Protein chains: 2
Amino acid sequence: MTNKKLFETIKKNLKKADNAIVAVHVDPDGDTIGSALTMAMVLESFGVATTIYSEDGIPEIYHFLPLAEKVVNKIAYKVHFDLAIALDASDISRVGEKINLREVASFLINIDHHPDNTNYADINYVEKRSSTAECLYQLCKYLKIKINKEMAACLYTALITDTGNFRYENTSVDTFLMAADLLRAGLNTHEITTNIYDTRSIPSLRIAARALSQMEFSADHKVGWTVITKKMMAETRAKGEDLIGIVDQLRSVKGIEVAILFREEKGKVKLNLRSKHDVNVSTIASLFDGGGHNKAAGAIIEGNVEDVKNRVLTEVLKHVRV
Amino acid sequence: MTNKKLFETIKKNLKKADNAIVAVHVDPDGDTIGSALTMAMVLESFGVATTIYSEDGIPEIYHFLPLAEKVVNKIAYKVHFDLAIALDASDISRVGEKINLREVASFLINIDHHPDNTNYADINYVEKRSSTAECLYQLCKYLKIKINKEMAACLYTALITDTGNFRYENTSVDTFLMAADLLRAGLNTHEITTNIYDTRSIPSLRIAARALSQMEFSADHKVGWTVITKKMMAETRAKGEDLIGIVDQLRSVKGIEVAILFREEKGKVKLNLRSKHDVNVSTIASLFDGGGHNKAAGAIIEGNVEDVKNRVLTEVLKHVRV
């Protein structure tokens with residue numbers, strides 16, 4: 001189906017619905033949240049009563065977004081919707097275990113940018129773009145929906161979180177044209193970036209400082225790693241979400257090809273791998289029953305942190321040396 | 001003069017020149033360098049033999065840019081140019097002490113985005129935009145210059161370094177439209193961002209980690225500060241340029257209004273101030289004979305680090321409390 005036909009079919013279904021549910025994926029990120037909130041606003045502009053569902057709620061960092069306070073993590077027993085729309089979920093299971101969108105709604109639409117999307121819905125608008133927000137924006141333009149300041153805030157948040165603020169390779173001409181258009185809608189980008197990037201917790205800075213002051217490198221400096229112990233977590237009062245970005249800082253060192261973060265947990269070690277150029281860290285993670293993408297992958301490995309570190313480093317060094 | 005008239009006059013002068021010198025400002029940043037290298041390419045497309053001058057050379061981080069290796073920090077005795085163009089220099093003195101553009105060239109053009117530019121040249125194209133690169137891009141569009149991949153790399157580097165990779169308030173609709181257009185020219189943004197953001201030195205990470213592990217806060221957490229001693233610099237082998245970004249990381253803490261970095265030097269202390277919202281840190285810096293912008297300012301203060309710290313904190317706390 002061409003996008004034009006797809007968009008027409010989506011339009012028809014938005015128009016005939018009386019009520020709808022929009023759903024984000026579990027462990028929700030900026031893209032799924034920003035896209036779902038925008039979709040809810042679009043539905044309301046069509047006069048559709050809309051429920052926004054997130055099994056895991058909304059992380060505090062996104063609480064500033066319009067409608068964020070309307071998000072629910074459960075729906076009333078036996079309630080039924082005309083329409084369900086999943087945003088940024090590559091498979092129906094990504095929406096969570098506590099809801100079955102197929103059962104609670106008569107019709108299901110899937111809007112996503114992941115190329116490995118399983119096309120699980122009645123209508124699947126799946127297009128490889130920087131973000132689901134960018135797909136949704138294309139739909140909005142087709143539907144001639146006036147992007148207001150609130151929608152722009154949600155779409156921009158989604159866009160910058162999925163492109164590393166325009167730093168990842170997925171940033172395209174369309175991405176920048178969309179950003180320009182969102183600014184035309186009266187968007188205050190400074191407010192968004194302050195909320196997203198300038199609200200770090202003190203424990204998150206403290207744990208990053210501790211971790212990076214103890215970083216180590218292979219002799220040729222192509223591999224860099226650091227270990228976060230349970231003791232360090234306790235002393236800095238850091239939580240799991242405070243560790244975001246530490247491995248990327250390590251990766252930013254000149255000459256580094258692979259950066260590794262080892263996090264000690266009870267009886268196991270969480271492994272986080274980042275690659276700068278050609279090393280495929282997903283292949284390395286799969287040796288330890290993990291997975292991910294070429295340049296960002298992870299695994300959870302049984303054992304104590306010293307043993308795991310040595311096992312992983314042996315494998316990583318093989319890949320970097322070849 | 002309207003931009004159209006200005007651009008026509010600039011065009012006329014580019015066309016009639018046989019040789020030219022383009023100059024960056026002292027302590028050159030990405031914007032002045034990227035703009036000067038682009039200007040050199042524009043001049044060469046007009047058949048003008050061009051010298052690129054930088055009194056302080058080119059920082060290593062920008063060595064990857066095309067033509068960077070052609071930059072000189074001195075010119076031959078008694079050489080004379082038809083044309084000189086200063087890029088991103090708000091005053092002629094910003095080009096440095098070792099050259100007098102007025103003397104070495106018959107005609108001087110000034111292209112800049114700083115509103116406080118002193119209009120020191122024969123032609124002054126000064127427009128408040130995100131960067132000098134954005135001004136130069138407007139000129140290139142008017143002159144119908146085909147932006148090639150090399151120019152795009154220089155202009156994009158200039159654009160992202162002066163907008164904090166599209167994070168500062170100076171980012172506008174035009175900024176994003178320019179970025180989109182540079183991508184159309186075949187720009188590899190990933191290559192640029194890797195060169196600019198992923199080439200940190202190990203000492204720079206170590207000193208940041210040390211500094212941030214010792215950060216302190218006022219009781220209400222609105223003011224945060226840290227001290228970098230001579231001992232810390234020696235132990236981490238850090239240089240002055242390795243300290244860039246540390247005060248911004250401190251500023252990124254949730255709730256912080258003013259972030260301060262104190263750097264101990266021989267008999268004096270270098271002060272770096274950042275504000276998140278309404279506090280004007282330039283006013284505070286001026287109390288200590290320093291200066292800067294509303295949200296980023298600095299000073300150099302005689303005295304030992306403990307005394308200076310106490311004096312500065314007293315003033316900062318007054319401003320935050322009001």
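User: Contact means heavy atoms within 4.5 Å. On that basis, what covers the buried residues of H12(B)?

Analyst: This is a predicted model: local features need pLDDT of at least 70, side-chain atom pairs count only at pLDDT 80 or more, and totals for chains, interfaces and linings use all residues. Residues are numbered from 1 along each chain as its sequence is written, chains are lettered from A and ligands numbered from 1 in the order written, and side-chain values use heavy atoms, without hydrogens and water. Helices (H or I, at least four residues) and strands (E, at least two) are DSSP runs, numbered from the N terminus. In chain B, the cover includes strands E6, E7, E8 and E9, helix H11 and strand E11.

User: Which residues of H12(B) are buried?

Analyst: Buried means under 20% relative accessible area, exposed over 50%, partly exposed in between (1.4 Å probe, protein chains only). The buried set is B:Val305, B:Val308, B:Lys309, B:Val312, B:Leu313, B:Glu315, B:Val316 and B:Val320.

User: How far apart are the end C-alpha atoms of helix H12 of chain B?

Analyst: Expected span is 1.5 Å times one less than the number of residues. For the 17 residues of H12 (305–321), that should give 24 Å. The model agrees, with the ends apart by 24 Å.

User: Which residue caps the N-terminal end of H12(B)?

Analyst: A side-chain oxygen lies 3.0 Å from the backbone nitrogen of B:Glu306. That oxygen belongs to B:Asn304.

User: Is A:Val305 buried or exposed?

Analyst: A:Val305 sits in helix H12 of chain A. Beyond four places in sequence, A:Val305 contacts A:Val227, A:Phe262, A:Glu264 and A:Val269. Its relative accessible area is 12%, so A:Val305 is buried.

Conventions
Polar contact = N/O pair within 3.5 Å; in protein donor to acceptor, adjacent residues only side chain to side chain.
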